[in-house]
Amino acid sequence: MNAKDHYDSHLGHFYSWMIGDLLTKSEEFLSFLKDHHIGAQPGDVAVDLGAGNGIQTIALAKCGFEVVAIDFNEQLLNELRFNTQKYPVSVIADDLRNVGRHARDASLICCCGDTITHLDGESEVVKLVLDIFDSLRPGGKVIFSFRDYSVPLEGIRRFIPVKSDETRILTCVLEYEKGFVTVTDLLQERVGLEWHQQVSSYKKVRLDRVIFIDMLLKAGFKIQSDEVLGRMITVVACKALKS
């Protein structure tokens with residue numbers, strides 16, 4: 001199953017519950033933007049790839065950007081429209097691979113929350129990096145965040161308790177192969193007095209931090225920060241100004 005099918009049939013229905021309080025998460029990203037001196041001038045456009053229910057989108061709008069928010073899951077798109085209705089946000093249903101259709105001379109492009117690993121291999125990651133570079137104006141920036149799957153977890157460490165409450169228990173199971181990790185989201189949900197189990201799997205690209213940084217440098221980006229935040233590799237890079 002590919003990422004879109006997994007979200008459409010399974011993960012999209014409980015994604016917002018899984019990530020927790022939207023405004024808290026959005027404020028955390030807003031603090032990240034301020035800490036890295038990322039802000040907007042009048043008319044600046046930011047593009048949020050894999051916008052989900054709006055964590056990054058809301059923070060970008062609060063920073064003064066006009067935001068183009070792109071996602072491929074209809075349930076999350078509906079939540080995104082509702083959550084961002086008071087902000088200058090254009091919500092678009094599309095695949096992140098088509099960033100060039102929607103970003104022209106963007107000031108900032110975000111691809112956060114492990115979104116980039118949803119692509120179908122390292123070659124697609126390279127192409128997306130190049131397309132993002134072409135879509136940014138000179139001096140524009142890009143923010144990536146993704147999980148490091150480069151070192152396989154073994155044995156029972158592959159079974160990761162994600163979240164639980166009185167009605168839901170979510171466990172993630174990882175299976176590693178060359179270039180990819182198969183992620184199985186196992187949801188147990190109580191309906192009345194009975195518990196029901198739903199299971200779905202999809203593949204993610206195993207991105208190595210050093211290799212990914214090299215992709216950015218070869219595309220023409222300059223790295224401004226490279227850190228691990230909340231177990232996510234987080235990179236800010238800049239497209240050089242024209243000389």
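Biologist: On what basis are residues numbered, and which pLDDT do local features need?

Modeller: Residues are numbered from 1 along each chain as its sequence is written, and side-chain values use heavy atoms, with hydrogens and water left out. Because this is a predicted model, side-chain atom pairs count only at pLDDT 80 or more, totals for chains, interfaces and linings use all residues, and local features need pLDDT of at least 70.

Biologist: Which residues of the largest nonpolar core touch the most other members?

Modeller: A nonpolar core is a set of buried Ala, Val, Leu, Ile, Met, Phe, Trp, Tyr and Cys residues joined through side-chain atoms within 4.5 Å, where buried means under 20% relative accessible area, exposed over 50% and partly exposed in between, with a 1.4 Å probe and protein chains only. In soluble globular proteins, nonpolar side chains tend to be buried together. Of the 43 residues in the largest core here, those touching the most other members are Phe29, Leu33, Leu60, Phe65, Leu108 and Ile143.

Biologist: What sense of pairing, and what handedness of crossover, connects β2 with β3?

Modeller: Helices (H or I, at least four residues) and strands (E, at least two) are DSSP runs numbered from the N terminus, and two strands pair if DSSP finds at least two bridges between them. Strand β2 (residues 66-71) and strand β3 (residues 89-93) are joined over five bridges in the parallel sense, with aspartate 71 having alanine 93 as its bridge partner in β3. The chain crosses from β2 to β3 through helix α5 (residues 74-83), and this β-α-β crossover is right-handed, a term that applies if, with the strands pointing away from the viewer, the path from the first strand over the helix to the second runs clockwise.

Biologist: Which residues do salt bridges that share partners join into one network?

Modeller: Glutamate 124 forms a salt bridge with arginine 97, their closest N and O atoms being 2.9 Å apart. Glutamate 124 lies in helix α7 (residues 122-135) and arginine 97 in the loop between β3 and α6 (99-102), 27 residues apart. Through shared partners, the network joins Asp95, Arg97, Asp120 and Glu124.

Biologist: Why is the pair of phenylalanine 133 and phenylalanine 221 classed as it is, and what is that class?

Modeller: Rings of Phe, Tyr and Trp (its six-membered ring) pair if their centres lie within 6.5 Å, and planes under 30 degrees apart count as stacked, over 60 as edge-to-face and the rest as tilted. By this rule the count comes to seven aromatic pairs. The rings of phenylalanine 133 and phenylalanine 221 have centres 5.0 Å apart and planes at 90°, so the pair is edge-to-face.

Note on methods:
A salt bridge is a side-chain nitrogen of Lys or Arg within 4 Å of a carboxyl oxygen of Asp or Glu.
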